[in-house]
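Student: I would like to learn how to read a protein structure feature by feature. Could you walk me through this one?

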Amino acid sequence: MVCPFPPTFDPAKMKVSLVSLTPAEPGGRTIINKLPAVLGRNPHADVQLDDCWASRVHCEISEISGILLVRDLDSKNGTAVNGQSIKEAHLLPGDRLTVGLTSFQVQYNRHRNKLLAAIW
């Protein structure tokens, strides 16, 4: 059986950051310290957004075999990746994630292996 990720890969040590592309806060960086992470206006969200177009519990970012996955949590205004509305999608380094009117560039070190290389 092929290991789904390199033996040196530890999902708990994955460094994920969201860089603001929103004019009001250009270049602001949000570090995500644990996955899965919920984004929204709720004060208990892992990433709190000050955006009236974002739902209280808007979307969730998780990790599967070294690749990020974003899932919309039935938000009112939807979630987009690179301008495309999604219900669930992979997030690759450099992708643009839009939640409400707030946009981020996703940054992380992507871990590839033979199994993933065959898929991508």
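Student: What volume does the largest pocket have?

Tutor: The largest pocket has a volume of about 240 Å³. On a 1 Å grid over the protein atoms alone, a pocket is an open set of points where a 1.4 Å probe fits, with protein on both sides within 12 Å along at least five of seven lines, and lining residues have an atom within 4 Å of a point. Grid points are joined across faces, edges and corners, and the volume is the space filled by probe spheres set on the points.

Before we go on: this is a predicted model, in which local features need pLDDT of at least 70 and side-chain atom pairs count only at pLDDT 80 or more, while totals for chains, interfaces and linings use all residues. Residues are numbered from 1 along each chain as its sequence is written, and side-chain values use heavy atoms, with hydrogens and water left out.

Student: Which residues are closest to the centre of the largest pocket?

Tutor: Of the 13 lining residues, the closest to the centre are Glu25, Leu49, Asp50, Thr102 and Phe104. E4 and E11 are the elements that give two or more residues to this lining. The lining divides into five nonpolar, five polar and three charged residues. Here Ala, Val, Leu, Ile, Met, Phe, Trp, Tyr, Cys and Pro count as nonpolar, Asp, Glu, Lys and Arg as charged, and the others, Gly among them, as polar.

Student: In what order do the strands of the open sheet lie?

Tutor: Strands of a sheet pair through backbone hydrogen bonds, either parallel or antiparallel. Two strands count as paired if DSSP finds at least two bridges between them. Five strands form the open sheet, in the order E4-E3-E5-E6-E9, with mixed pairing. E4 (47–48) and E9 (88–91) stand at the edges with a single partner strand each, so one side of each has no neighbour in the sheet. Within the sheet, E5 and E6 (residues 67–72) run antiparallel and are joined by six bridges; one example is glutamate 63, whose partner in E6 is leucine 68.

Student: Which strands pair with E1?

Tutor: E1 pairs with E2 (residues 29–32) in the antiparallel sense over four bridges, and five bridges join E1 to E11, also antiparallel. Valine 19 shows both pairings: its bridge partner in E2 is arginine 29, and glutamine 105 stands opposite in E11.

Student: Which residues of E1 lie on each side?

Tutor: In a regular strand the side chains alternate between the two faces of the sheet. In E1, Val16, Leu18 and Ser20 lie on one side and Ser17 and Val19 on the other, and all are buried.

Student: With which side chain does serine 103 make a polar contact?

Tutor: With the side chain of threonine 98, at 2.9 Å. A polar contact is a pair of N or O atoms within 3.5 Å; within protein, one must be able to donate a hydrogen and the other to accept it, and residues adjacent in sequence count only if both atoms are side-chain atoms. Serine 103 belongs to E11 (residues 102–108) and is buried, at 14% relative accessible area.

Terms used:
Buried < 20%, exposed > 50% of the residue type's maximum accessible area, 1.4 Å probe, protein only.
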